[in-house]
Amino acid sequence: MTIVVTGATGTIGRALIAELGGAALALVRRPEQGADLGCAYVVGDLERPESVPIEPGDRLFLNSSIWPGFVAAHRAVIDHAAARGAAQVVTVSVRGATPDGLLASGLHGQVDDHLRASGVPWSILAPVGFMQNLPGDVDEEGRIFGSYGPGPVGYIDARDVAAVAAALLTRPVGDDATYELTGPSAPTHDEIAAELARALGRPVRYVDLPVEEGAGHFAKRGLPAPAARDLALLMAQVGDGRWATTTTTVADVVGRPPRSLREFLEQAESPTARR
Ligand SMILES: NC(=O)c1ccc[n+]([C@@H]2O[C@H](COP(=O)([O-])OP(=O)(O)OC[C@H]3O[C@@H](n4cnc5c(N)ncnc54)[C@H](OP(=O)(O)O)[C@@H]3O)[C@@H](O)[C@H]2O)c1
């Protein structure tokens, strides 16, 4: 049985390969990407499902960033895994994903529904936002902009998503399930700014923008206007409390609590850089 890891060069993928002690077969898009992964690799692309090397009984970690062909490619890879007799697909979605959701929530919702109907044993990891995003959100003037309002968000360290994936991919295949993953607490963005200030050693403040202003702000930063508006709207939805609760899922699956934001920032090699 082989554990096939897609998205292997990404944040979760690298952490997952480390969790697996290199006992994985990574899919990379370019041969030179395989050299420093620490495991066996093949060259392929999710847009070419047949290039994903699955033998009967293999277990597949299906993950990538979002691009316009994301839904079609992920669905096709799921069909390929089913046809090849995969024993399990573990994928990364987002908490609360629904097919009619905004941005990534909608795309993941469509893929998740396809996976649930595929006939392959499945596990869907549904994390909230990653702590890894936060340091890079601080601008030169020490500001983080968002439209979350005062609502708390239980950000998670992406390495804890990888730890859950590793556990599910190495234990006997269990029941199909969606795993809502959060960090240990749900701070407000004012509290997050205070933690970032502590880690960076300089003032950081959260600037809350009403949705229309948030849309304008993200458009000025280079997002196309519709995506900028959807991003601000999504932040407001998140801030309404839907990511305010924490779950015990990381501890339940992995046997230790998830990392706190402070631990994450203290362990980050360079908390000023997006990782
Ligand atoms: N960031 C968050 O706050 C957050 C929160 C909840 C859920 N998520 C979800 O987490 C996932 C992203 O995980 P991540 O942060 O580990 O990703 P990441 O660091 O952005 O890495 C993306 C990986 O996907 C690979 N990839 C992209 N397109 C591909 C294709 N066509 N074929 C094969 N590989 C492809 C990339 O390979 P290359 O190196 O070749 O580009 C890379 O290995 C997304 O589904 C996202 O919606 C993110």
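1. Is T182 buried or exposed? In this predicted model, T182 has a relative accessible area of 0%, so it counts as buried. You'll find T182 in the loop between β8 (177-181) and α5 (189-200).

2. Stay with T182 for a moment and look at who surrounds it. Leaving out residues up to four places away in sequence, T182 touches R95, V128, G154, I156, T245, T246, T247, V250 and P258. With T247 there's a polar pairing to look at: a polar atom of the T182 side chain lies 3.0 Å from the backbone nitrogen of T247.

3. R95, one of those T182 neighbours, also forms a salt bridge with E180, at 3.1 Å from N to O. This pair links distant parts of the chain, 85 residues apart: R95 sits in the loop between β5 (88-92) and α3 (103-116), and E180 is in strand β8. R95 is buried at 10% relative accessible area, while E180 is partly exposed at 32%.

4. Searching the whole structure turns up 16 salt bridges. Another one joins D36 and R14 (3.6 Å, N to O). Here D36 is in the loop between β2 (25-28) and β3 (40-43), R14 is in helix α1 (residues 11-19), and the two are 22 residues apart. D36 is exposed at 54%, and R14 is partly exposed at 37%.

5. Now for the greasy part. The largest nonpolar core has 56 residues, and V5, L16, F61, L125, L181 and L196 have the most contacts inside it. Helix α4 (residues 158-170) gives this core its largest share, nine residues. A separate core of 20 residues includes L46, I54, V71 and V120.

How values were computed: Residues are numbered from 1 along each chain as its sequence is written. This is a predicted model: local features need pLDDT of at least 70, side-chain atom pairs count only at pLDDT 80 or more; totals for chains, interfaces and linings use all residues. Side-chain values use heavy atoms; hydrogens and water are left out. A nonpolar core is a set of buried Ala, Val, Leu, Ile, Met, Phe, Trp, Tyr and Cys residues joined through side-chain atoms within 4.5 Å. Buried means under 20% relative accessible area, exposed over 50%, partly exposed in between (1.4 Å probe, protein chains only). Helices (H or I, at least four residues) and strands (E, at least two) are DSSP runs, numbered from the N terminus. A polar contact is a pair of N or O atoms within 3.5 Å; within protein, one must be able to donate a hydrogen and the other to accept it, and residues adjacent in sequence count only if both atoms are side-chain atoms. Contact means heavy atoms within 4.5 Å. A salt bridge is a side-chain nitrogen of Lys or Arg within 4 Å of a carboxyl oxygen of Asp or Glu.
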